[in-house]
Amino acid sequence: EEYLNPILQGFYPDPSITQAGQDYYLVTSTFAYFPGIPVFHSRDLVNWTQIGNAIDRPGMLDFGRLGLSRGVFAPTIEHHDGVFYIANTCVDCGGNFIITARDPAGPWSDPVWIRGVGGIDPSLFFDDDGAVYLMNNDAPPEPPLYSGHRAIWIRRIDPVTLQPLAEPRVLINGGVRGEERPIWIEGPHIYKHDGYYYLFVNWGMCCRGSASTYNMRIGRSKKETGPYVDRTGADLLTSGGTLFMETIGPFIGPGHAGIY
């Protein structure tokens with residue numbers, strides 16, 4: 001079977017996908033454009049139809065004084081027990097929030113602002129025992145060692161109020177190869193399979209003075225809070241290596257990644 005790439009052509013950065021039965025739903029960043037966060041539906045992961053916007057009421061978020069590169073970055077969508085969740089950041093207009101809906105076409109709830117959670121790129125993980133965890137990018141626990149030094153944090157949140165229940169813990173500080181001074185580690189996602197937790201993260205490398213080299217790594221742990229061990233020793237996706245360039249062509253500006 002043949003199909004065209006990209007599956008969504010145009011302005012659809014930072015895609016996130018969730019599955020509900022035989023249906024797939026996808027959301028993307030829209031920054032300070034309104035309506036925001038388009039929601040797409042598919043049955044085959046190839047053909048997508050927009051069914052709504054998660055941010056479709058003027059009172060949900062205030063983009064009025066923002067530059068177009070601010071606003072909503074990298075939303076993540078999850079489906080759990082009949083409810084859809086989008087975790088996101090309104091950069092310069094409120095911080096991290098979660099919205100929910102029974103129908104992904106809408107209406108979506110007003111934002112629930114998550115107290116005490118800074119940084120960007122929040123994502124949710126629903127464990128088998130009913131616990132719900134929020135991961136995000138934020139400053140490291142100590143003063144940053146260099147520009148772009150960030151950390152990935154995790155905390156348990158209340159499944160009803162969506163507010164933190166416990167103090168946050170650091171999952172990764174800086175990156176896997178700390179000696180290379182990796183910058184802007186972000187986009188965390190946790191998945192569980194056969195009793196193991198898998199943490200996906202992404203970061204750029206500052207060795208050439210920019211984040212033009214962007215990498216994705218995965219770690220495995222027996223506990224959701226880690227420690228996560230990188231057993232491969234290699235990037236799964238990268239714009240700086242040759243593995244994928246030799247097989248399916250170069251990646252130009254890759255961003256967040258996950259598995260579905």
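1. Let's start with the aromatic pairs: this predicted model holds ten of them. Rings of Phe, Tyr and Trp (its six-membered ring) pair if their centres lie within 6.5 Å; planes under 30 degrees apart count as stacked, over 60 as edge-to-face and the rest as tilted. Tyr 25 and Phe 84 make an edge-to-face pair, with 5.2 Å from centre to centre and 80° between the planes. Tyr 25 belongs to strand S2 (residues 23-27) and Phe 84 to strand S6 (residues 83-91), so the pair ties together parts that are 59 residues apart in sequence. Strands here are DSSP runs (E, at least two residues), numbered from the N terminus.

2. Next, find Tyr 196. The charged end of Arg 220 sits over its ring, 3.7 Å from the centre, and that of Lys 222 sits over the ring of Tyr 196 as well, at 4.2 Å. The rule asks for NZ of Lys or CZ of Arg within 6 Å of the ring centre and within 35 degrees of the ring normal.

3. Now the salt bridges: the count comes to seven, each being a side-chain nitrogen of Lys or Arg within 4 Å of a carboxyl oxygen of Asp or Glu. Lys 192 bridges to Asp 127, with the closest N and O atoms 3.2 Å apart. Lys 192 is in strand S13 and Asp 127 in the loop between S9 and strand S10 (132-138), so this contact joins parts 65 residues apart in sequence. Lys 192 counts as partly exposed at 32% relative accessibility, while Asp 127 counts as buried at 5%. Asp 128 also forms a salt bridge with Lys 192, again with 3.2 Å between the closest N and O atoms; Asp 128 is exposed, at 66%.

4. Finally, some notes on reading the model. Residues are numbered from 1 along each chain as its sequence is written, and side-chain values use heavy atoms, leaving out hydrogens and water. Because this is a predicted model, local features need pLDDT of at least 70 and side-chain atom pairs count only at pLDDT 80 or more, whereas totals for chains, interfaces and linings use all residues.

Notes: Helix = DSSP H or I, 4+ residues; strand = E, 2+ residues; numbered from the N terminus. Buried < 20%, exposed > 50% of the residue type's maximum accessible area, 1.4 Å probe, protein only.
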